[in-house]
Amino acid sequence: MKRTTIVDVGRLAGVSAKTVSRVLNDEPHVSAAVKQRVREAADQLDYHPNVFAQALVRRKSNMIGLIYENPSPSYVVELQRGVLERLKGERYRLVVIPIRSVQEHAAEVVGILRSAALDGVVLAPPASDNPIILTQLRDARILCARIVPTRMIEAAPSNLVDDVAAARAIADYVIELGHREIAIIRGDPTHASTEARMLGYMQALHTAGIDMRLERIEPGLFTFDSGLVAGRQIFGRGDRPTAILAQNDDMAVGAMMAAREFGLSIPDDVSIVGFDDSEVSRVTWPRLTTIRQPVFEMAVAATEMLVAQLEGQEFAMRIMHPHELMIRESAAPPRP
């Protein structure tokens with residue numbers, strides 16, 4: 001089938017192809033009546049702009065990247081949903097670039113972006129905190145926007161969440177339920193959020209006068225499997241805790257499976273809480289008490305920041321997003 005062009009749209013609207021181009025690119029000095037005729041003609045002909053042709057004219061690729069490392073499927077889906085939501089109706093297209101280990105491959109990231117000829121990039125953690133990536137992006141003049149960085153906040157437009165306060169809030173809740181025998185499953189040590197959440201937990205425990213025993217802190221990687229392994233370690237010891245603070249939902253669900261392997265009931269025998277409010281927290285049973293991070297909203301806002309930079313528009317350099325304690329069925333007071 002023959003592709004509809006702006007010449008066809010102009011012929012139907014009774015204007016030149018140049019005027020059609022100006023309308024579709026939201027350029028000034030076109031009357032409202034002409035704009036309406038052109039858009040109605042475009043709709044009638046089911047016309048869609050050729051983004052590659054636009055890119056050649058503007059000397060831009062009209063493509064932006066999303067870099068992430070987090071292995072949690074629900075977290076990644078929320079990131080992509082947010083970026084795509086903001087790009088609806090825009091000329092820009094999304095290129096997803098998963099990195100197995102940002103720490104190991106940081107020096108290669110900007111080369112990947114250059115080879116893909118991307119106009120800009122949204123950085124999710126831990127890439128959003130990596131000084132090598134941020135420095136090379138600046139030197140290469142590649143625009144970016146960041147999601148939940150905890151370091152070098154002034155380096156680039158950033159969407160922030162107070163991980164320390166959020167972690168303290170959920171630890172406070174567990175303590176208020178009456179728990180004093182508490183274990184922790186840490187996240188990936190290469191993520192700055194791991195230390196921030198650990199600090200929040202420790203602040204809550206210190207305020208409550210609870211001494212944290214090092215043998216009750218298990219390493220994890222923000223994955224279900226690492227939570228399962230950590231849970232087995234925790235329950236395999238003789239002095240079982242009454243509650244577990246997991247630094248994300250996937251690890252919390254892994255710990256829940258480990259508890260069932262040991263014949264334990266949740267929350268009767270042990271309370272388990274997570275962090276992120278990802279999809280898995282709402283479909284597991286019992287549903288997971290957790291901290292909601294507005295990942296979707298942050299991805300929308302970061303993309304808005306990036307598009308505004310690309311279009312030469314004003315934008316906010318920093319946006320602080322709220323966290324929310326989601327109280328569900330996986331946590332309860334300890335048995336007497």
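Q: Which residues lie nearest the centre of the largest cavity?
A: Pro125, Val148, His191, Ser193 and Arg197 lie nearest the centre, among the 15 residues that line the largest cavity. Please note that this is a predicted model.

Q: What volume does the largest cavity have?
A: The volume of the largest cavity is about 140 Å³.

Q: And how many cavities of 30 Å³ or more does the structure hold?
A: The structure holds one cavity of 30 Å³ or more.

Q: Which helix gives the most to the lining of the largest cavity?
A: Helix α9, spanning residues 192–207, gives the most, with three residues in the lining.

Q: Back to Pro125: what kind of peptide bond joins Pro125 and Pro126?
A: The bond joining Pro125 and Pro126 is cis, and its omega is about 5°. Pro126 belongs to the loop between β3 and α7.

Q: What about the bond from Trp285 to Pro286, cis or trans?
A: The bond from Trp285 to Pro286 is cis, with omega near -5°. Pro286 is placed in the loop between α12 (279–283) and β10 (290–292).

Q: Changing topic to the strands: why is β4 described as largely enclosed?
A: Strand β4 covers residues 143–147, and four of its five residues are buried, so the rest of the structure largely encloses this strand.

Q: How do β3 and β4 run, parallel or antiparallel?
A: Strands β3 (residues 120–123) and β4 run parallel, and four bridges join them. Within this pairing, Leu123 stands opposite Arg146 of β4.

Q: Through which helix does the chain cross from β3 to β4?
A: The chain passes through helix α7, residues 131–140, on the way from β3 to β4, and this β-α-β crossover is right-handed.

Q: And how many bridges join β4 to β5?
A: Two bridges join β4 to β5 (residues 158–160), and these strands run parallel. Asn159 in β5 is the bridge partner of Ile147.

Q: Where is Ser158 found?
A: Ser158 is found in strand β5.

Q: Buried or exposed, this Ser158?
A: Ser158 counts as buried, because its relative accessibility is 0%.

Q: With which side chain does the side chain of Ser158 make a polar contact?
A: The side chain of Ser158 makes a polar contact with that of Arg146, at 3.1 Å.

Q: What else is Ser158 in contact with, leaving aside its neighbours within four places in sequence?
A: With those neighbours left aside, the residues in contact with Ser158 are Arg146, Pro149, Ile153, Met305, Met317, Arg318 and Ile319.

Q: Now the backbone angles. What is the phi of Met152?
A: Met152 has a positive phi of about 50°, although this residue is not a glycine. Met152 is placed in the loop between β4 and β5.

Q: What is the relative accessible area of Met152?
A: The relative accessible area of Met152 is 37%, so this residue is partly exposed.

Q: And what is the phi of Asp277?
A: The phi of Asp277 is near 60°, a positive value in a residue other than glycine. Asp277 lies in the loop between β9 (271–273) and α12.

Q: Does Asp277 count as buried or exposed?
A: Asp277 counts as buried, because its relative accessibility is 11% and the cut-off for buried is under 20%.

Conventions: Residues are numbered from 1 along each chain as its sequence is written. This is a predicted model: local features need pLDDT of at least 70, side-chain atom pairs count only at pLDDT 80 or more; totals for chains, interfaces and linings use all residues. Side-chain values use heavy atoms; hydrogens and water are left out. Buried means under 20% relative accessible area, exposed over 50%, partly exposed in between (1.4 Å probe, protein chains only). Two strands pair if DSSP finds at least two bridges between them. A crossover is right-handed if, with the strands pointing away from the viewer, the path from the first strand over the helix to the second runs clockwise. A polar contact is a pair of N or O atoms within 3.5 Å; within protein, one must be able to donate a hydrogen and the other to accept it, and residues adjacent in sequence count only if both atoms are side-chain atoms. Contact means heavy atoms within 4.5 Å. On a 1 Å grid over the protein atoms alone, a cavity is a set of points where a 1.4 Å probe fits but cannot get out, and a pocket is an open set with protein on both sides within 12 Å along at least five of seven lines; lining residues have an atom within 4 Å of a point. Grid points are joined across faces, edges and corners, and a volume is the space filled by probe spheres set on the points.
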